[in-house]
Amino acid sequence: MLANRTVTLIVTGGIAAYKALELVRLLRQAGARVIPVMTRAAESFVTPLSLAALAEEEVHRDLFDLTREARMGHIALSRAADLVAVVPASADFLAKMAHGLADDLASTMVLATDTPVLVAPAMNVRMWQHPATRRNLARLREDGVHVVPPEEGAMACGETGEGRLAAPEAVLAAIARLLGPKPLAGRHVIVTSGPTREPIDPVRFIANRSSGRQGAAIARALADLGADVTFVTGPAEVPPPAGVRVVPVETAAEMLAAVEEALPADAAVFAAAVADWRVRQAASSKIKKTPDGAPPTLRMIENPDILAAISRHPDMRPPLVVGFAAETDDVLGNARAKRVRKGCDWIVANDVGGTGIMGGAENEVILVTAEGEERWPRMTKEEVARRLAERIVAALERQEGGG
Ligand code: CTP
């Protein structure tokens, strides 16, 4: 995954510094070369020897080590990598970075580098919440620094809250997203996501429980692999991922128009939970209760089926069309039938019957294709997204090869 890639890993002072050792192991396992750099404070928490042993590289610590400067100056050193990662990044180090201070080797290197910089902060919850830290982080983000946010949980200092260093696996995933292969570069993929909202009157609407989590994860996974993603989303609970073109919509009709507008595409993934019906004539003013207490009758008509329309598009059908099927009964049977009925290539089927999947963090899906089915184990929606993105890469490569 990270073969031939070099990461300069700056370890700053903090109890979480020991986790940097695990990160070094994971980076090495992924094929990366790691150039370790430590601040003075970090040395109180882990020894340079452990870091050097795991990285199989010498550890750089001193700005004024003339012997080393003669071999490789700190400026050259800061540019020798594809990425500079600060893990853990202490509140103090973030403050220095935000202000461009350079009074030791580590801070000088982040100031001198021209490669992407990633920070994984770790600190006490109060320091994390302090306005100064918030300010510094906002400024670093503006400067283009990638932030792997800390997690919530019990901390070494005895307090509980946000501030614990992200898991080494999560930091590795963030690094891989920045440095990994980009097999979808130059490919355009449309992703629909979230619920749609069908108005009843100016204040009421019909919608569904879709959080937009799965769709956002898919858009992100595709963008991480280099795809140019058009993300057509209804009003979702989760924010859209960075690095995609977001087209916000409300109704199914708007979603269809936005997808048509985004064509042509190399692939399209329809993860939105589109309302099947809309109120035929939404009232133009708020529907009032009547004195006789009679409830209003809503006359519904069917919405356009976006997936079916695009799968049967007369001249701009994307070479790969993927639909989702949210089912509560006979998941596989319904999904197979849906694939044929809608004319798409794949259906990602999930059982949404009372298992907390709709709106939840995990998903359990069956991938239904013309060749058969594949049952994936229960996993996070991010993992489903990554797997699906990899499958899309393989399918597009196969098509390219004429297979
Ligand atoms: N879909 C769509 N436009 C619609 C309805 C559904 O594009 N008007 C897409 C969804 O995004 C999903 C797939 O069709 O990819 C299947 O959605 P689902 O709700 O499971 O199927 P329906 O067509 O609504 O069938 P049913 O409600 O009868 O199960």
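User: How do the residues of the lining of the second largest pocket divide into nonpolar, polar and charged?

Analyst: This is a predicted model. In it, the second largest pocket has a volume of about 870 Å³ and is lined by 37 residues. By class, that lining divides into 16 nonpolar, 13 polar and eight charged.

User: Which residues lie nearest the centre of the second largest pocket?

Analyst: Strand E8 (188–193), H10, helix H12 (306–311), strand E16 (320–327) and helix H13 (331–342) each give two or more residues to the lining of this second largest pocket. Of the 37 lining residues, those nearest the centre are Ala272, Ala273, Val274, Phe324 and Ala326.

User: Which element gives the most to the lining of the largest pocket?

Analyst: The largest pocket holds about 1,600 Å³ of space. Its lining has 43 residues, and the closest to the centre are Ala173, Ala174, Arg177, Arg220 and Asp224. Strand E5 (146–147), helix H9 (168–179), helix H10 (213–224) and helix H14 (381–400) each supply at least two lining residues. The top contributor, with eight residues, is H9.

User: Is Lys96 buried or exposed?

Analyst: Lys96 forms a salt bridge with Asp104, with the closest N and O atoms 3.7 Å apart. The relative accessible area of Lys96 is 12%. The cut-off for buried is under 20%. Lys96 therefore counts as buried.

User: Which elements do the buried residues of H5 pack against?

Analyst: Helix H5 (residues 91–99) has Ala91, Phe93, Leu94, Lys96, Met97 and Ala98 as its buried residues. Just after H5, Gly100 takes a positive phi of about 70°. The buried residues of H5 pack against strand E1 (6–11), strand E3 (83–89), helix H6 (105–112), strand E4 (117–121), helix H7 (125–129) and helix H8 (131–142).

User: How many residues apart in sequence are the parts that Asp82 and Arg5 tie together?

Analyst: Asp82 forms a salt bridge with Arg5, and their closest N and O atoms are 3.5 Å apart. Asp82 is in the loop between helix H4 (74–79) and E3, while Arg5 is in the segment before E1, so the parts tied together are separated in sequence by 77 residues.

User: Are Lys338 and Glu327 buried or exposed?

Analyst: Lys338 forms a salt bridge with Glu327, the closest N and O atoms being 2.6 Å apart. Lys338 sits in helix H13 and Glu327 in strand E16, so the pair ties together parts eleven residues apart in sequence. Both Lys338 and Glu327 are buried.

User: How many salt bridges does the count come to?

Analyst: The rule needs a side-chain nitrogen of Lys or Arg within 4 Å of a carboxyl oxygen of Asp or Glu. Arg40, Glu43 and Arg61 are linked in a network of salt bridges. By this rule the count is 24.

Key
Residues are numbered from 1 along each chain as its sequence is written. This is a predicted model: local features need pLDDT of at least 70, side-chain atom pairs count only at pLDDT 80 or more; totals for chains, interfaces and linings use all residues. Side-chain values use heavy atoms; hydrogens and water are left out. On a 1 Å grid over the protein atoms alone, a cavity is a set of points where a 1.4 Å probe fits but cannot get out, and a pocket is an open set with protein on both sides within 12 Å along at least five of seven lines; lining residues have an atom within 4 Å of a point. Grid points are joined across faces, edges and corners, and a volume is the space filled by probe spheres set on the points. Helices (H or I, at least four residues) and strands (E, at least two) are DSSP runs, numbered from the N terminus. Ala, Val, Leu, Ile, Met, Phe, Trp, Tyr, Cys and Pro count as nonpolar, Asp, Glu, Lys and Arg as charged, and the others, Gly among them, as polar. Buried means under 20% relative accessible area, exposed over 50%, partly exposed in between (1.4 Å probe, protein chains only). Contact means heavy atoms within 4.5 Å.
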